[in-house]
Amino acid sequence: MNLNRLFILFILISFACEPDDICLDSYQDTPKMIIRFYDQDNKQPKNVKNLQISSDNSEETLFFSETDSISIPLDHTTDTSKFIFTINSSNSDSNSDNIFINYNRNPIYISVGCGFIMNFDLNDLIIESDQNNWIKSFKINNQNINSETAKHIEIHH
Amino acid sequence: MSSQSESDTIYVKNKYGIRAGIDLSKQIRMLTEEYSGLSLYGDIKIKERLFIVAELGNDQKTIETENINSKLSGSYIKTGFNYNLYNNLPGLNNEIYVGLRYSQSLFKNELIDYSIYNKDRFWNDQRILEYKEFDNLKSSWIEFVVGFNSEIKNNLFMGLSLRLNRMLKQDIPENFTNLFIPGFNKVTENNNFGTGITYSVIYQIPIIKK
């Protein structure tokens with residue numbers, strides 16, 4: 001028996017690779033908050049037009065041209081996300097409302113490749129009063145933001 | 001098979017005794033990884049081909065992946081046997097062996113920081129610094145060993161072994177995982193197997209000679 005040959009064989013076997021660090025796209029990432037818009041009077045779904053969403057803490061903006069349903073990401077680094085919701089944003093009759101969303105955060109371990117995702121428990125929503133709020137009222141339908149299958153919040157306008 | 005018909009005790013020196021050693025692969029790993037550890041080895045020959053083996057050690061390893069930083073540290077003990085398959089010429093004491101170990105470890109898992117998986121890029125993608133410590137975690141596993149020891153000088157052996165580890169039990173921290181277990185090495189998800197390699201220097205304390 002040749003010990004040298006055995007030695008080389010051992011070294012080769014010991015370099016095995018393990019592709020464990022890949023995050024498959026099929027994993028659900030951090031869920032967004034789903035908002036649906038309703039008419040303040042007849043409680044029927046009602047579209048918002050040219051809705052622009054921004055935040056003081058982000059350089060990004062979201063834009064929805066005409067819809068009664070949107071999903072927005074919450075800030076996973078703090079317990080409050082502040083948004084500026086502007087409707088008719090491209091027109092002269094644009095109207096901005098400030099919205100504060102307060103929640104508790106629950107990180108959930110997924111895998112080495114994906115890391116953690118964040119789930120949120122909604123505490124409350126604050127619509128900052130101004131002279132002309134376009135948002136008349138809201139309702140929390142589902143406090144637990146752990147999936148994107150159903151609405152979490154209704155906004156009446 | 002060597003013939004021992006003219007059995008002359010001067011030529012046929014089968015050594016029995018206790019051997020003690022150190023696994024130098026740990027020291028080599030310390031040069032290239034964020035790792036520190038020490039592993040001691042001991043065996044006793046109880047039959048012509050059979051050795052009772054005990055290994056004792058500790059590991060401290062920092063795991064840094066794209067998403068998770070974690071540190072694992074703890075001690076382990078492995079006990080079992082080696083069976084020598086090698087037919088030595090008279091007077092030589094080499095081994096090519098197969099072996100089995102039952103291994104247990106007690107360790108600590110620290111989660112240092114992690115990132116949140118979010119395809120959306122609206123918010124800045126900061127890592128979450130949330131230190132968590134999981135103490136008194138236990139695990140046990142079986143190791144299948146193949147290796148060899150070769151006597152390079154009188155009473156001094158050098159050896160290499162490869163291990164295939166089969167996890168039996170591990171305490172998994174709540175809402176987290178063990179990316180490494182002292183003694184077991186890297187833990188992969190959805191897989192109960194791990195691997196190990198040792199590179200040992202072993203000294204024989206000659207107590208009994210037959």
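The questions and answers below go through some features of a predicted model.

In this predicted model, local features need pLDDT of at least 70 and side-chain atom pairs count only at pLDDT 80 or more, while totals for chains, interfaces and linings use all residues. Residues are numbered from 1 along each chain as its sequence is written, and chains are lettered from A and ligands numbered from 1 in the order in which they are written.

User: What pattern does chain B follow along the sequence?
Analyst: Helices (H or I, at least four residues) and strands (E, at least two) are DSSP runs, numbered from the N terminus. Chain B has one helix and ten strands. Read along the sequence, the pattern is β-α-β-β-β-β-β-β-β-β-β.

User: What radius of gyration does chain B have?
Analyst: The radius of gyration is taken over C-alpha atoms, and the globule rule is 2.2 Å times the number of residues to the power 0.38. The C-alpha trace of chain B spans about 85 × 30 × 25 Å along its principal axes. A compact globule of 210 residues would come near 17 Å, but the value for chain B is 22 Å.

User: Is B:P173 buried, partly exposed or exposed?
Analyst: A residue is buried if 20 or more other C-beta atoms lie within 10 Å of its own, exposed if 12 or fewer, and partly exposed in between, with C-beta atoms placed from the backbone. B:P173 lies in the loop between β7 (156-170) and β8 (180-181) of chain B. Because B:P173 has 18 other C-beta atoms within 10 Å, B:P173 is partly exposed.

User: Which element gives the most residues to the side of chain A that touches chain B?
Analyst: In total, 33 residues of chain A are in contact with 29 residues of chain B. The elements of chain A that give two or more residues to this side are α1 (3-14), β3 (58-67), β6 and β7. With six residues, the element that gives the most is α1(A).

User: Which residue in β9(A) does A:D121 stand opposite?
Analyst: Two strands pair if DSSP finds at least two bridges between them. Strand β7 (residues 115-127) of chain A runs antiparallel to β6 (residues 95-111) of chain A, with twelve bridges, and there A:N104 stands opposite A:D121. β7(A) also pairs with β9 (residues 144-145) of chain A in the antiparallel sense, over two bridges. In β9(A), the residue opposite A:D121 is A:N144.

User: How many residues does the hairpin between β6(A) and β7(A) run through?
Analyst: β6(A) and β7(A) run antiparallel. The hairpin that joins β6(A) to β7(A) has a count of three residues.

Definitions and conventions. Two residues are in contact if their C-beta atoms, placed from the backbone, lie within 7 Å.
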